[in-house]
Amino acid sequence: MASPSLYTAVKGWLQTTFAPMQVLDFDQIEPQLEQGTASFLVVEELFASESSMSIGDRAAACLREEASILVHVFVPAPESSSAARTLADNVRQRIAYRTINGVRITSASPPDLEVLNDGLWSVAVIDAEAQFDRHVALP
């Protein structure tokens, strides 16, 4: 699971950049699929790890968090999978290599068509690799 700093930075940037489209957490998908009729984005962290990136001064150690953040793009029917792929590619182009409140996006994958939900939704996903450095005093 990614830290709140990394996760909220990416999610907040997506909300601002793609407003008025909703940007949801992964556990909010089902209610939106049942009630929604507009395209929306979902943020999910695939994995995260943290390691020390500095030596020497224990009062200002640098810790680097690395995470894989998936951005799922949901587009309702009658839009085609092409519309989901196009929107996902737009997300990829806008987020790739960007620094968002100290979070560096080091890569973003091309869109991958993920699933179709009974012909009601087309879904594509991109994988954004992120790094976030923080400084802490070690005990």
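Biologist: Why is aspartate 133 called partly exposed?

Modeller: In this predicted model, aspartate 133 has a relative accessible area of 22%. A residue counts as buried under 20% and as exposed over 50%. The value of 22% lies in between, and therefore aspartate 133 is called partly exposed.

Biologist: What makes the pair of arginine 64 and aspartate 133 a salt bridge?

Modeller: The closest N and O atoms of arginine 64 and aspartate 133 are 2.7 Å apart. The definition asks for a side-chain nitrogen of Lys or Arg within 4 Å of a carboxyl oxygen of Asp or Glu, so the pair qualifies. The two residues belong to distant parts of the chain, 69 residues apart: arginine 64 is in strand E3 (residues 61-76) and aspartate 133 is in strand E7 (residues 121-136).

Biologist: Why can such side chains pair?

Modeller: Side chains of opposite charge can do so when their charged atoms come close.

Biologist: How do you know that aspartate 133 forms a salt bridge with arginine 104 as well?

Modeller: Here the closest N and O atoms are 3.3 Å apart, and this distance is also within 4 Å, so the pair is counted. Distant parts of the chain are again linked, with aspartate 133 in strand E7 and arginine 104 in strand E5 (residues 103-108), 29 residues apart. Through shared partners, the salt bridges join Arg64, Arg104 and Asp133 into one network.

Biologist: Why is arginine 104 described as partly exposed?

Modeller: Its relative accessible area is 26%.

Biologist: How many salt bridges does the structure hold?

Modeller: There are four salt bridges. One of them is formed by arginine 92 and aspartate 89, with the closest N and O atoms 2.7 Å apart. Both residues lie in helix H3 (residues 81-95), three residues apart, which is about one turn of the helix.

Biologist: What makes arginine 92 partly exposed?

Modeller: Arginine 92 has a relative accessible area of 23%.

Biologist: How do you know that the span of helix H1 agrees with its number of residues?

Modeller: Helix H1 (residues 4-17) has 14 residues and, at 1.5 Å a residue, should span 20 Å. Its end C-alpha atoms are 19 Å apart, and therefore the two values agree.

Biologist: Which residues of H1 are buried?

Modeller: They are Leu6, Tyr7, Ala9, Val10, Lys11, Trp13 and Leu14. Glutamine 15, also found in helix H1, has 35% relative accessibility and so counts as partly exposed.

Biologist: At what angle do H1 and H3 pack?

Modeller: The angle is about 115 degrees, and the axes are 12 Å apart. The crossing of these helices is right-handed. Val10, Trp13, Leu14 and Thr17 of H1 make the contact with Val91, Arg94 and Ile95 of H3.

Biologist: What makes E2 and E3 paired strands?

Modeller: Twelve bridges join E2 to E3, and the definition needs at least two, so the strands pair. E2 and E3 run antiparallel. Strand E1 (residues 22-25) is joined to strand E2 (residues 40-52) by four bridges, and these two run parallel.

Definitions and conventions:
Residues numbered from 1 in each chain as written. Predicted model: local features only at pLDDT ≥ 70, side-chain atom pairs only at ≥ 80, totals over all residues. Heavy atoms only, no water. Expected span 1.5 Å × (residues − 1). Buried < 20%, exposed > 50% of the residue type's maximum accessible area, 1.4 Å probe, protein only. Axes fitted to C-alpha atoms, helices over the stretch in contact; angles between N-to-C directions. Left-handed = near helix turned anticlockwise from the far one by under 90°. Contact = heavy atoms within 4.5 Å.
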